[in-house]
Structure formats: structure tokens, C-alpha cells
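Please look over the sequence and structure below before reading on.

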Amino acid sequence: MNRNNERLLLGSAILVLLMFPHASRADARCNDRTIKGAYIYASTGVRDGAPFVEAGQDIFDGKGGITNTYTDTTGQTVVTKGSYQMNANCVSQAKYDDSGVNYVMYTGPTGSEFSWISVTPGTKITGREVRVSTSLTPKCSLKTLKGTYVYSHIGYRDGVQYIESGQEVFDGKGSIRTPLRMPAV
Amino acid sequence: MTVTTAGTYLMGDYCIGGTRYQDTGDTYSVYVDPNGDSFTYASMTSRSGNLAVGSERRVGKQVK
């Protein structure tokens, strides 16, 4: 390689680094195994022009398969399957069998959490999922929920939007003894 | 206006459970962290016109 070629190569490398400063760090950081385990989420948005809410649990098997249990605007709890494909830059695509809605998910090398957005026309839904267990079969009992918890949310009652914030005490035996709630002001 | 009431909860397989509150009769599905530090919820009472979703975080382990 002559000196002119070396300079050309060096110049090209610098140009690439300037244009894509994170390219070298992003390479091969993520794969399907990055998101593996049980994740929980709560999401809001608009679907077919109406307010849409959904909370649920996703079990990612680390091989491109998802088992999704969720409760949405209908008030029903549904179990469905899905699939995902993680790219090396930690951006992935997911699709669920029941709805056919496509999502794009953004995570990092640890896969401990990710954000997502629907990309199917007619849907404007977004959320964030957090890994709560590396197990594909997480175990809980009444004792799991024990202590004082706080929350706030925006909801709709009879079509009217309301806000609520509160504190709840779970006793580890099946009772919520002293919920304190501040509904819409 | 602060409301004080009571409720009950159940826990099923794979950390998926439910809550119910006496004052409104509202029920929710809950999706729980096995460590108990957090959970997400969505209302199950669409018939009563309640539509809500959110998450809760534990701020203390004492039960008083």
C-alpha cells in the first residue's frame, strides 16, 4: 500500500468516525439473547381513534419468541404469542399473533429495559418494559406484594378523563388495608 | 379530597394477579415483579366505564 492509499484509508476511517461516532460501540452489541426473561409494562395511546390502555407481561425466550399476557381497553385478559428480531445496534422489531401490530423496540446491551412504539397504521401506542426476572417462569405468591406502594395515573371514567394518585399498603396476605387515593380535583 | 378504602388481591401463576376495591368495585389485573418491588396494572371493569393503566413502586416494606 503506497502512502497515498494509506492517507486515503485513514481519511475515510476518520470520516466514518465523524459521521457515526457510536458506530464502533454499537457493532454487535445486541442479539436475540439480549432480551430474555420476564418483563412488565404499562402503555397508553390511541387505537382506531379511541384512547387505548394496556398493561401486561412479556416473556422473551432469548430465541425470538414471546409469550404475552395483557389486559387492555376491553378489560379482558388475553394470552398470545409473538416474535422478535434483535439487531446488533440494539433496535429490534416485534409482532404479536393476535393483533398483528408491529413494534420497534429500543434497548441497550444489558437488555434490562427497553422502550417501544407501534409502527402499524391506525395505532399510536408507546410504552416501556422493565425486566423483573431472568426466569421464563417467574414465581410469586401473596407474600410477594407486601409493604407500601405509591402510584399515579391518568384514566377515563365514563369517557371523562381523570387523574389519580395514591398510596396503598399490601399486607402480604391478600388484603389492601389502607389505600389512600386522591382522585380528580 | 382524599378517599380511604380497602381492597383485596389475589396472585395467580407466573406473577399475574388481580385487585379489587370496596368503594368503587373496580377490579384490576396486576403484573408483578417477583421481588415485589413494583407492578403494573390495568382496569378490568370496562363495563363500569373505568379505563386506567399504571404502575406502582414499593417505597417501604413495613405493614402498619
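## A salt bridge within chain B

B:R58 has a relative accessibility of 17% and therefore counts as buried. The model is a predicted one. B:R58 forms a salt bridge with B:D37, with 2.8 Å between the closest N and O atoms. B:R58 belongs to strand β6 of chain B and B:D37 to the loop between β4 and β5 of chain B, so the pair ties together parts 21 residues apart in sequence. B:D37 is partly exposed, at a relative accessible area of 30%.

B:E56 also lies in strand β6 of chain B. With 3% relative accessibility, B:E56 counts as buried. Among the residues that B:E56 touches are B:D37, B:S38, B:F39 and B:Y41 in chain B, and A:Y149, A:V150, A:Y151, A:E168 and A:F170 in chain A.

## The interface between the chains

Chain A gives 59 residues to the contact and chain B gives 53. Between them the two chains bury about 4600 Å², and 59% of this is on carbon and sulfur atoms. On chain B, the residues B:Y9, B:Y31 and B:L51 supply 18% of the area buried against chain A, more than any other three residues.

Polar contacts across the interface amount to 22 residue pairs, both residues being at pLDDT 80 or more. On the side of chain B that touches chain A, the elements giving two or more residues are β1 (3-4), β2 (7-11), β3 (16-21), β4 (27-32), β5 (38-43) and β6 (50-60) of chain B. The largest share, eleven residues, comes from β6(B). By type, this side of chain B has 23 nonpolar, 21 polar and nine charged residues.

## Strand pairing across the chains

Strand β9 of chain A (residues 146-157) runs antiparallel to β6(B), and seven bridges join the two. A:G155 stands opposite B:A52 in β6(B).

## The other salt bridges

Over all chains, the structure holds three salt bridges. In chain A, the side chains of A:R128 and A:E113 meet in one of them, at 2.7 Å from N to O. A:R128 lies in strand β8 (residues 123-133) and A:E113 in strand β7 (residues 113-118) of chain A, so this pair ties together parts 15 residues apart in sequence. A:R128 is partly exposed, at 46% relative accessible area, and A:E113 is partly exposed at 35%.

One salt bridge is counted between chain B and chain A. It joins A:R157 and B:D26, whose closest N and O atoms are 2.6 Å apart. The pair crosses from strand β9 of chain A to the loop between β3 and β4 of chain B. A:R157 is partly exposed, with 30% relative accessible area, whereas B:D26 is buried, with 2%.

Technical notes. Residues are numbered from 1 along each chain as its sequence is written. Chains are lettered from A and ligands numbered from 1 in the order in which they are written. This is a predicted model: local features need pLDDT of at least 70, side-chain atom pairs count only at pLDDT 80 or more; totals for chains, interfaces and linings use all residues. Side-chain values use heavy atoms; hydrogens and water are left out. Contact means heavy atoms within 4.5 Å. Buried area is the accessible area (1.4 Å probe) that two parts lose on being put together, summed over both. A salt bridge is a side-chain nitrogen of Lys or Arg within 4 Å of a carboxyl oxygen of Asp or Glu. A polar contact is a pair of N or O atoms within 3.5 Å; within protein, one must be able to donate a hydrogen and the other to accept it, and residues adjacent in sequence count only if both atoms are side-chain atoms. Helices (H or I, at least four residues) and strands (E, at least two) are DSSP runs, numbered from the N terminus. Ala, Val, Leu, Ile, Met, Phe, Trp, Tyr, Cys and Pro count as nonpolar, Asp, Glu, Lys and Arg as charged, and the others, Gly among them, as polar. Two strands pair if DSSP finds at least two bridges between them. Buried means under 20% relative accessible area, exposed over 50%, partly exposed in between (1.4 Å probe, protein chains only). Lists of a residue's contacts leave out its neighbours within four places in sequence.
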